[in-house]
Amino acid sequence: MSLTLPLLVIIVLAIVGSFLARRRALSVSGGDIRHLASLPKQHGLNAILSTVVPPLLAIIAWLMAARIMEYRGAAPLWVPLAIMALAVAGVVLSVVKVSNTFRARTASETWIKGLLIGASTIAILTTVGIVFSMLFETISFFRQYPWTEFFFSTNWSPNFRGNSDLGIIPLLWGTLYISFIALAFAVPTGLFAAIYLSEYAGPRIRGIVKPAIEILAGIPTIVYGLFALTTVGPFLRDYFAQPMGFGDSASSVMTAGLVMGIMLIPFVSSLSDDIINAVPQSMRDGSLGLGATKSETIRQVVVPAALPGIVGAVLLAASRAIGETMIVVLGAGAAARISLNPFEAMTTVTVKIVSQLTGDTDFASPETLVAFALGLTLFVITLGLNVLALYIVRRYREQYE
Amino acid sequence: MNAQQDTKISARNVNVYYGEKHAIKDVSVEIADKTVTAFIGPSGCGKSTFLRCINRMNDTIDIARVTGDILIDGEDITDPRVDPVQLRAKVGMVFQKPNPFPKSIYDNVAYGPKIHGLARNKSDLDEIVERALRRGAIWDEVKDRLQEPGTGLSGGQQQRLCIARAVATEPEVLLMDEPCSALDPIATAQVEELIDELRQSYSVVIVTHSMQQAARVSQKTAFFHLGNMVEYGETDRIFTNPEDPRTESYISGRIG
Amino acid sequence: MTKSLYSADARTKRRNAAERRFKAYGAAAIGIAMVALVILLTSVVTQGIGAFRQTYITVDVPLPEAKLDKSGTRDMAVMSKVTTIGYAPLLRDGLVNAIAEAGIQTDLSEKEIGDLISKEAAATVRNRVLAHPDLIGQPERFSLLADGRIDGYFKGRVTMASAALDQNTSPEKLDLADKLRDAGIMQIKFNWAFLTAPDASDQRPEAAGLGVAILGSLYMMIVVLVLALPIGVAASIYLEEFAPKNRWTDVIEVNIANLAAVPSIVYGILGLAIFINFMQFNQSSPLVGGMVLALMTLPTIIISTRAALKAVPPSIRDAALGVGASKMQSVFHHVLPLAAPGILTGTIIGLAQALGETAPLLLIGMVAFVRDYPEAYSSATGLFGDPSTALPVQIYNWTQRADPAFVERAQGAIITLLVFLLIMNTVAIVLRRRFERRW
């Protein structure tokens with residue numbers, strides 16, 4: 001028996017219940033609703049909620065339970081019956097309870113508050129889901145592949161006939177190298193852009209530049225990725241890498257790093273803008289009043305005062321760079337390699353997660369499961385950066401509130 | 001004629017506009033050297049705006065526009081040749097709310113001398129800092145903790161630190177914008193005492209919303225109302241025998 | 001006596017020079033960002049605008065009954081036995097006839113002339129004939145897609161030199177294409193099919209379109225909106241209006257802020273492991289894609305909704321409570337309507353982010369080659385359960401193809417995506433302007 005019938009029954013019962021509760025409320029009050037503790041429509045609302053919420057929760061509970069017990073096929077007969085019984089109980093109880101003194105509003109508000117609390121726990125469930133989705137597969141990966149090899153081997157060469165080398169070090173190297181170049185480009189540019197906009201630019205320039213930077217922020221990463229692939233990569237290869245003898249690969253750490261840097265400029269600049277604006281004007285006045293120039297005021301008073309916030313912003317940007325996927329998939333290359341040459345193709349943790357999970361491979365093999373271990377590592381690193389950054393920024397904001 | 005009567009600042013027909021708003025209307029005033037001059041008046045009357053003209057702090061506000069001449073030692077500071085940076089070293093300013101930088105006490109005071117290059121070496125700078133802190137009447141309280149952050153001091157100490165910071169650049173004029181409005185009575189008394197001492201070396205202009213304070217610390221008083229300077233003269237005379245009916249109303253508490 | 005204020009001393013001059021340098025660094029940073037934006041947009045537009053124009057060959061295709069309907073009864077079962085292989089020679093004949101009529105000289109064989117027509121064109125003709133069997137008997141005028149190489153030649157991607165090395169075309173064919181164009185048989189037209197047609201195989205870039213991807217993205221956005229908006233608003237109302245200040249709500253706060261910064265690919269892993277492997281939802285379906293994107297969008301919506309709720313002054317709540325409304329009533333009757341424009345703006349911005357997201361969709365199999373338009377509901381696959389692709393994933397898919405014609409398609413798809421994003425963001429800005437309220 002499918003669950004469609006119980007769903008229909010619940011809806012019908014809810015409508016009927018709401019109607020009955022209103023009718024009954026009117027009749028017990030003798031037609032004068034001033035005798036009621038709650039309005040008829042609140043009795044109706046209470047009936048709807050009492051009828052709908054418990055059986056819906058029961059359906060979700062059954063679906064989860066069926067998956068966990070790996071139960072296949074249609075639900076046994078008692079499940080839809082139990083669900084419908086819950087709905088009927090809801091109708092009967094809420095209609096019977098209608099009286100002059102029953103506070104239906106309080107009752108329905110309790111239901112609503114419960115739903116609100118439920119919605120706010122989805123955020124927690126998402127985090128739990130993220131951790132568990134990777135944890136179990138990571139454990140089964142480490143059953144098949146020694147963790148010391150994974151964390152300390154400098155060799156990455158998956159082989160689908162088995163005997164793969166799956167060391168994370170070359171992937172981490174590529175990730176960090178690319179992120180470093182991206183930040184080295186984006187942090188000074190974004191910071192100076194923010195300083196110029198908040199301290200120097202007139203309203204006209206601000207009116208043009210701010211929306212333009214917002215456009216840069218709204219461009220999806222796949223667009224940046226294709227930009228790296230078709231424009232920046234060939235340009236760097238033809239005008240820098242080949243003439244300077246650094247190699248002839250269009251995909252490179254430099255390509256991905258530079259494009260990621262462009263992507264991060266608006267991120268860094270809007271965060272820094274907020275942070276610089278949080279420094280009180282009285283502090284600028286104090287410095288200007290002593291005869292400091294604007295740049296002296298910025299360098300020696302504003303930036304030092306804003307430093308914790310700026311550090312937090314840089315950490316958030318680093319977390320983004322490390323977790324960025326499409327730009328490196330299209331711009332960095334697929335070869336796992338540890339090298340200092342920025343014009344060589346290297347690869348990252350995220351690229352390998354994509355390539356190991358999109359191939360037609362056996363889901364139980366270490367070559368596929370390694371993606372979950374990579375994902376978990378990535379999650380832990382970015383979580384650390386995010387929490388640290390959020391902590392610093394929060395402390396900073398409290399200081400000036 | 002004693003030194004007190006030398007004119008230090010002379011403003012002629014000063015007008016200030018904030019966008020559309022005419023904030024200062026045709027103000028002319030002569031401010032004497034080695035004197036405390038008080039600007040009083042109800043809030044929004046333009047006294048602070050006029051004060052900020054004297055070291056061109058209004059330059060930092062995009063929509064502010066100033067016309068007229070302000071002469072210091074006979075030189076027009078609104079002249080385009082005048083660099084506001086150099087001007088502000090000569091005309092120091094203390095603000096309404098104590099605003100120490102988030103640096104050590106020492107660095108707060110040393111900031112001005114450093115940017116203006118007043119010290120040849122470290123010991124020179126140490127001397128300047130000590131002298132400024134002594135003039136700010138706060139040396140005894142902080143001499144053992146010069147490396148602690150200036151933001152850790154009490155409100156009154158912070159304001160005296162800001163005064164010390166202002167005098168460290170060896171200004172000739174000291175502008176004070178309601179310097180005691182954020183302080184408790186005891187701290188206010190200390191700062192007022194300090195202002196009286198500062199008169200020996202500087203021309204002090206103080207904006208205050210407290211008539212008692214103006215009477216206590218100043219020799220000259222100017223009364224501002226709705227952007228006009230209504231009356232200007234010896235403090236004693238203004239408070240005992242005002243000429244303009246508006247001044248009298250304000251002093252007797254009928255407007256404000 | 002002190003120095004005159006009229007002349008700046010050496011130190012002040014040095015300091016002012018430093019000031020100008022510092023300001024120049026700032027202007028340079030702005031310049032770099034602006035130049036990057038301009039180069040990025042120019043490269044997208046110049047490389048992608050061609051996708052919206054396509055070369056067509058307009059000829060009369062003979063539709064002989066002897067070949068297309070041997071029974072002569074217009075019986076569907078008989079007619080559909082003739083495959084595109086049976087139609088292709090008819091198209092070629094039509095073109096050969098047109099060349100002869102126009103008096104164009106060529107040394108190419110009939111088979112080589114046929115290569116100028118896209119392999120997709122036969123299917124177009126066949127579908128039209130099967131839909132209108134009465135066309136059979138007399139020649140009918142068709143606009144046929146030209147081969148991708150010919151199209152590329154007119155767009156500058158293929159040159160005589162590259163054609164000489166290419167086994168799929170030759171300089172002679174390009175020469176003939178030039179003559180056909182002069183004769184008006186070949187034209188370049190606006191390419192509506194790019195926005196409506198499904199994807200095409202590796203050999204037929206000229207036929208590849210975004211129809212399935214746009215539909216898939218639309219379905220996903222519906223799922224995201226239906227899931228993320230109510231849950232996000234409910235969570236925000238609880239956290240902002242009802243939640244007690246304690247450890248638990250602190251944990252939720254930090255958690256939401258962190259979720260907003262979790263790499264998107266991690267959400268893809270979540271979708272793969274939980275929704276597909278554990279819950280057994282269909283791979284590649286807009287439902288799973290939408291659920292993953294909804295989880296990603298949730299923090300954005302929660303953060304902006306809370307900001308909008310916070311902006312409603314407490315006096316409004318007090319006023320409602322003062323006339324005897326319950327806390328719940330004050331929120332739902334007064335605070336929420338006032339915060340609605342802010343919530344809507346945040347939701348649109350969250351949807352725009354979700355529309356451009358690629359990485360998580362790769363992991364849940366949306367990168368597959370899909371030619372059938374997905375149904376919103378079918379009894380076999382349920383609601384939004386048909387395999388589908390999405391705009392950004394289609395772009396990625398095309399970048400992985402060998403023929404450079406697909407790069408043009410990918411850039412064209414980016415233009416389409418950016419236009420959608422522009423519309424959404426404009427709507428958000430207009431809403432914000434229109435309903436902006438200051439207390």
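Predicted model: local features only at pLDDT ≥ 70, side-chain atom pairs only at ≥ 80, totals over all residues.
Student: Why is the pair Arg15(C) and Glu296(A) called a salt bridge?

Tutor: The rule asks for a side-chain nitrogen of Lys or Arg within 4 Å of a carboxyl oxygen of Asp or Glu. The closest N and O atoms of Arg15(C) and Glu296(A) are 2.8 Å apart, so the pair qualifies as a salt bridge.

Student: How many salt bridges does the rule find across the interface of chain C and chain A?

Tutor: It finds 1. Polar contacts are counted as well: 16 residue pairs between chain C and chain A. Helix 1 of chain C, residues 10–48, gives the largest share of the side touching chain A, with 22 residues.

Student: What makes up that side of chain C, by residue class?

Tutor: There are 58 nonpolar, 16 polar and 4 charged residues.

Student: How do you know how much area the two chains bury between them?

Tutor: Buried area is the accessible area that two parts lose on being put together, summed over both. For chain C and chain A this comes to about 6,700 Å², with 78% of it on carbon and sulfur atoms. In chain C, Phe22(C), Leu40(C) and Ile269(C) lose the most area to chain A, together 10% of what that side buries.

Student: Which residues of chain C does UniProt annotate as "transmembrane region"?

Tutor: The unreviewed entry lists several spans, including 259–281 and 410–431. In the model, residues 410–431 of chain C are 100% helix, with end C-alpha atoms 31 Å apart. Residues 259–281 of chain C are 70% helix and 0% strand, and their end C-alpha atoms lie 24 Å apart.

How values were computed: Residues numbered from 1 in each chain as written. Chains lettered and ligands numbered in written order. Heavy atoms only, no water. UniProt positions renumbered as here; feature names shortened; annotations may be inferred. Helix = DSSP H or I, 4+ residues; strand = E, 2+ residues; numbered from the N terminus. Buried area = accessible area lost by both parts, 1.4 Å probe. Polar contact = N/O pair within 3.5 Å; in protein donor to acceptor, adjacent residues only side chain to side chain. Nonpolar A, V, L, I, M, F, W, Y, C, P; charged D, E, K, R; others polar.
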